[in-house]
Amino acid sequence: MSGPAADHTLRCALECLLLASGGPVPVRRLAEVLGVSEPEAERLAGELAQSYEGRGLMVQQVAGGYQLCTRPEYADFVTRLVSAQAEPLSRATLETLAVVAYRQPVTRAEVEAIRGARSDHHLRKLVERHLVREVGRRPGSGSPILYGTTDLFLRHFGLRDLKDLPPLGGRRVQDALVHPSPVPGGADSHEGGR
Amino acid sequence: MTERRGPVVRVAGFEGPIGELVRKAQAGEVDLREVHLAELVQGYLKTLRQPLDLEEVTEFLWAASALAEIKSKALLPPTPQPEETAAPGDEEDLARRLEAQLEEYRSFREAADALAALEAVQRRVFTRPADQASAGELPLVGVTVEDLFSAFRRVLERSEQKVEEIPAEGITVADRMRFILRALRGAPEGLEFEALFEPESSRLVVIVTFLALLELVRHRQVRVAQAEPCGPIRLYAARLEP
């Protein structure tokens, strides 16, 4: 399949997939379902996003995939119909989350050393809200729990991936980021589109 | 009065303001290995009077910790130190380390601000809620609330057959939540719903246990499954994963 007509069909199909799924659909899944390569799927999604300009909905690139969602400008209307999202996080909890996000995988003691304050309560809260999870244990004395962020974390903040995090203190964030090591059991428990 | 050098301390080998002892120890005029620090601290504690002079106590604490650091260094075998950091004195070094740590913390605070801004935008973005059928993880598999309630009613009826005085026991939902979790932890293959309730359980225990179960389901700590309609309802400890 090629040519503008085929492209149009694929774009429409993609639009359907995003609506049917609700949440973000990973690029890999989109490519599989549409029977195209991943760069091709990205291109189609980009075109679809453009075609939504000036509309109430938009196509957002988030958590390694794309989602169809409402534009923030219209949130006041939407919240009159459906209840608002969960409570925003408190300052201290956000701070804790920031340390986990940039330093993952990280132990509670390391988080506390940076914040200079106890953080177990905040970590527990973040795990409860599925923004942070245990990703393993550090070998060595006491084998402390290591924490990392989840896919829901990316969605909660509208981030494409961890490289999309705001730069940390002037340095490029990519330099500051330690990439999480792969964990047995798999990290992709939030795949949509199934 | 000259500059304050902290409270006067008295210990074998030294008598005077504690700040002076720190200075002498740093200059190598006093060998701290010969000075009994515990004795020094105890001696000072005996002189303390209410109300505390906080400034003086702080000075003492500062000086005593400095002494402890110097002494521990003197006692430990020397470690090879990188040349450039050893020179200008430990205080500057400490200040630099603190500054670096503060700088790091500040950058995380800024990152937290940035995340807060992102969150504020993303909170205004809505996706279509996933349909019941396609929702990833349902804590109730094949069980309706009615099923749960009729099972509850059966248990209630059973316990009603016995005429019993309700003892004023201090039974709480939190207690029963712990009880259920403990029972489920001991049963990896799950437990039958009715197994949670002993036949002789009082009505109050039954009700509180049921409330505790609902609470645990709400927290997704317990999973409830029913293989077929009207079949037995089984409970499992939920594995905690996002």
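A: Two residues are in contact if their C-beta atoms, placed from the backbone, lie within 7 Å. This is a predicted model: local features need pLDDT of at least 70, side-chain atom pairs count only at pLDDT 80 or more, and totals for chains, interfaces and linings use all residues. Residues are numbered from 1 along each chain as its sequence is written, while chains are lettered from A and ligands numbered from 1 in the order in which they are written.

Start with A98(A). Leaving aside neighbours within four places in sequence, A98(A) is in contact with F108(B), A111(B), A112(B) and L115(B).

Now the core. A nonpolar core is a set of buried Ala, Val, Leu, Ile, Met, Phe, Trp, Tyr and Cys residues joined through C-beta atoms within 7 Å. A residue is buried if 20 or more other C-beta atoms lie within 10 Å of its own, exposed if 12 or fewer, and partly exposed in between; these C-beta atoms, too, are placed from the backbone. The largest core has 31 residues. L97(A), A98(A), V99(A), V100(A) and V132(A) have the most contacts inside it. Helices (H or I, at least four residues) and strands (E, at least two) are DSSP runs, numbered from the N terminus. At least two core residues each come from helix 5, helix 6, helix 7, strand 5, strand 6 and helix 8 (151–157) of chain A, and from helix 5 (90–122) of chain B. Helix 5 of chain A gives the most, with seven residues. Another core, of 20 residues, lies apart from this one; L184(B), L196(B), V205(B) and V224(B) are among its members.

Next, helix 7 of chain A, residues 120–128. H122(A), L123(A) and L126(A) are buried there. The face turned away carries exposed D120(A), H121(A), R124(A) and E128(A). H130(A) follows helix 7 of chain A, and its phi is positive, near 60 degrees.

Finally, the chain pairing. 27 residues of chain B are in contact with 36 residues of chain A. The chain B side divides into 14 nonpolar, four polar and nine charged residues. Here Ala, Val, Leu, Ile, Met, Phe, Trp, Tyr, Cys and Pro count as nonpolar, Asp, Glu, Lys and Arg as charged, and the others, Gly among them, as polar.
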